[in-house]
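Keep the structure in view while reading.

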Amino acid sequence: MPNLTHLDANGNITMVDIADKPTTARTATATGKVVFAPNIYTKIKQACGQTKKGSITAIAHIAGIMGAKKTHELIPLCHALALDTVKMDFDYDDVNHALVVSATAKTTHKTGVEMEALTAVSVACLTIYDMTKALSTKTPNTKTLSNDIVIGDICLVNKTGGKSDYAKYL
């Protein structure tokens with residue numbers, strides 16, 4: 001069996017023991033995107049991200065930070081971390097009709113912040129979906145279709161600190 005950190009020698013689930021690990025500065029950045037039908041993307045961009053529910057990116061920004069702070073409550077074996085900062089960025093991708101989300105989480109701790117960055121992006125993308133689903137295309141005699149909004153490409157882009165650094169080459 002490969003060396004899985006959340007299993008003990010007997011294959012039982014366990015939380016990783018970080019007691020003897022050194023405290024270091026750690027950073028992780030994750031990205032993801034929300035892809036829209038071209039006409040919906042155009043509406044969103046022309047409105048500068050404003051909907052009847054408010055600013056898409058402002059609400060997603062707050063949601064992403066909240067998600068990062070609650071990662072240990074959502075992912076069972078994650079350690080609770082005191083985050084030094086969570087920075088969120090949102091960019092329009094005209095070619096793919098997408099809103100690209102990135103999150104960078106930082107801490108000084110004994111374990112990394114990859115899950116916090118990934119959770120921040122995931123929650124922000126879900127919030128964008130919720131904020132925009134009412135804008136989705138309508139066809140005669142049908143309900144609003146929100147399935148033409150696609151969340152995807154959520155991944156860790158880089159991490160520093162701890163045992164090893166990582167950078168995804170895009």
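## Order of elements

From the N terminus, the elements run β-α-β-β-α-α-β-β-α-β-β. That makes 4 helices and 7 strands. The model is predicted.

The protein has 170 residues, and 38% of them are buried. Its C-alpha trace spans about 60 × 30 × 30 Å along the principal axes. Among contacts with a separation of 6 or more, 70% join residues 24 or more positions apart.

## The nonpolar core

In soluble globular proteins, nonpolar side chains tend to be buried together. Here the largest nonpolar core holds 30 residues. Phe 36, Met 88, Phe 90, Val 101 and Ile 128 touch the most other members. Six named elements give two or more residues each: strands E1 (24-35), E4 (85-93) and E5 (98-109), and helices H1 (38-46), H2 (56-69) and H4 (114-132). Helix H4 gives the largest share, 8 residues.

What does Met 88 touch, leaving aside residues up to four places away in sequence? Its partners are His 61, Gly 64, Ile 65, Val 101, Ser 102, Ala 103, Ala 120 and Ala 124.

## Cysteines

The structure holds 0 disulfides. A disulfide is a covalent bond between the sulfur atoms of two cysteines. Counting one here requires two cysteine sulfur atoms within 2.5 Å. For Cys 78, the nearest cysteine sulfur belongs to Cys 155 and is 18 Å away. Cys 78 is therefore in no disulfide, given the 2.5 Å cut-off. For Cys 155, the nearest cysteine sulfur is that of Cys 125, 11 Å away. Cys 155 is in no disulfide either.

## The largest pocket

The largest pocket has a volume of about 780 Å³. Its lining has 24 residues. Closest to the centre are Thr 5, His 6, Lys 21, Thr 111 and Glu 114.

Helix H4 and strand E6 (150-160) each supply at least two lining residues. The largest share, 4 residues, comes from H4. By class, the lining divides into 10 nonpolar, 7 polar and 7 charged residues.

## The enclosed cavity

How many cavities of 30 Å³ or more does a search of the whole structure find? It finds 1. The volume of the largest cavity is about 30 Å³.

Ala 68, Lys 69, Thr 71, His 72, His 79, Ala 80, Leu 81 and Glu 116 line this cavity. Two or more lining residues come from each of H2 and helix H3 (71-74). By class, the lining has 3 nonpolar, 3 polar and 2 charged residues.

Conventions
Residues are numbered from 1 along each chain as its sequence is written. This is a predicted model: local features need pLDDT of at least 70, side-chain atom pairs count only at pLDDT 80 or more; totals for chains, interfaces and linings use all residues. Side-chain values use heavy atoms; hydrogens and water are left out. A nonpolar core is a set of buried Ala, Val, Leu, Ile, Met, Phe, Trp, Tyr and Cys residues joined through side-chain atoms within 4.5 Å. Buried means under 20% relative accessible area, exposed over 50%, partly exposed in between (1.4 Å probe, protein chains only). Contact means heavy atoms within 4.5 Å. On a 1 Å grid over the protein atoms alone, a cavity is a set of points where a 1.4 Å probe fits but cannot get out, and a pocket is an open set with protein on both sides within 12 Å along at least five of seven lines; lining residues have an atom within 4 Å of a point. Grid points are joined across faces, edges and corners, and a volume is the space filled by probe spheres set on the points. Ala, Val, Leu, Ile, Met, Phe, Trp, Tyr, Cys and Pro count as nonpolar, Asp, Glu, Lys and Arg as charged, and the others, Gly among them, as polar.
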